[in-house]
Amino acid sequence: VGNSFTFWNGGLWFPLQELLGATGQEVIVRPSVQGGASLATHSARRRLGRQLSDGGHDLVILQGDIPESTVDAFEENAAALISRVRDSGAEPLLFMAWDYERLGWLSLEEIIAVHHRVADRFEVPLAPVGDAFLRVRKLRPDMDLYDNDREHPSLLGSYLALVILHATIMHSDPRANESMPRAFRRVDMADAQSLREIAWAVVRDERERCLEQ
């Protein structure tokens, strides 16, 4: 469940399905996306309501976009959607997005803090993509995770999000997983390895942070 951050560069669902299915188990990942949508938008969408009512899902990934709404609206609608996902029989997973220039009223550090607050309050696992964006910004400033519009993810940015989602879902260390989904085969292998190392550090830190709560 998300917006253009999720469907940019061809969408994250097919590559995620490809990685999750690499063990031989049948996995189907279905998108429910709309450009510019916040969690408030999705909370009101009849399409998502029907999808949740149909049931049969194991996991529902919720990707919000706080700068498109407000912090209060994000928290309120995240709470509502988490409840609806659990009522449908699925487990929710919160996708932490990032900041961008067009709507720069909220810093990435603030976005990270809000996601931590929601994840802790409702005991929801968190895919810390925004945290990884911040880590790359500090450790590898030569890597550009943004597309030309300085808002959507570059191919590297989408790859980083994919790796973190997979590592979070599978509780796995992505550093040794060199399997490259078809959509990302243009990514330089050395860059991919660096991003997997950063992804592991962020996912590991998120697990430790949760254990301390």
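R175 counts as partly exposed, at 36% relative accessibility. Here buried means under 20% relative accessible area, exposed means over 50%, and partly exposed lies in between, with a 1.4 Å probe and protein chains only. The model is predicted: local features need pLDDT of at least 70 and side-chain atom pairs pLDDT 80 or more, while totals for chains, interfaces and linings use all residues. Residues are numbered from 1 along each chain as its sequence is written, and side-chain values use heavy atoms, leaving out hydrogens and water.

**Salt bridges**

Side chains of opposite charge can pair when their charged atoms come close. A salt bridge is a side-chain nitrogen of Lys or Arg within 4 Å of a carboxyl oxygen of Asp or Glu. R175 meets D173 in such a bridge, with 2.6 Å from N to O. One network, joined by salt bridges that share partners, holds E68, R102 and E151. The count by this rule is 13 salt bridges.

Another of these joins R117 and E75, at 2.7 Å from N to O. R117 belongs to helix α6 and E75 to helix α5, 42 residues apart, so that distant parts of the chain are linked; helices (H or I, at least four residues) and strands (E, at least two) are DSSP runs numbered from the N terminus. R102 pairs with E151, their closest N and O atoms being 2.9 Å apart. Because R102 sits in the loop between β2 and α6, and E151 in the loop between α7 and α8 (155-170), this bridge ties together parts 49 residues apart in sequence.

The table lists the accessibility of residues in these bridges.

| Residue | Relative accessibility | Class |
|---|---|---|
| R117 | 41% | partly exposed |
| E75 | 16% | buried |
| E151 | 10% | buried |
| D173 | 30% | partly exposed |

Three strands make an open sheet in the order β1-β2-β3, with parallel pairing. Two strands pair if DSSP finds at least two bridges between them. The edge strands, β1 (59-63) and β3 (126-127), each pair on one side only. Helix α5 (residues 71-87) packs on the sheet and touches β1 and β2, making an angle of about 150° with the direction of β2. Contact means heavy atoms within 4.5 Å; axes are lines fitted to C-alpha atoms, for helices over the stretch in contact, and angles run from 0 to 180 degrees between N-to-C directions.

Among the buried residues of α5 are F74, E75, L81 and V85. The buried residues of this helix pack against α3 (39-44), α4 (46-54), β1, β2 and α6. After α5 comes G89, with a positive phi near 95°.

**Aromatic pairs**

Rings of Phe, Tyr and Trp (its six-membered ring) pair if their centres lie within 6.5 Å; planes under 30 degrees apart are stacked, over 60 edge-to-face, and the rest tilted. The count by this rule is seven aromatic pairs. F95 and W98 make a tilted pair, 6.4 Å centre to centre with 55° between the planes. W98 and F133 are stacked, at 4.5 Å and 0°. W98 lies in the loop between β2 (91-95) and α6 (108-122), and F133 in helix α7 (residues 129-139), so this pair ties together parts 35 residues apart in sequence. F133 is buried, with a relative accessible area of 1%. Ring pairs join F5, F95, W98, Y100, F133 and Y146 into a cluster.
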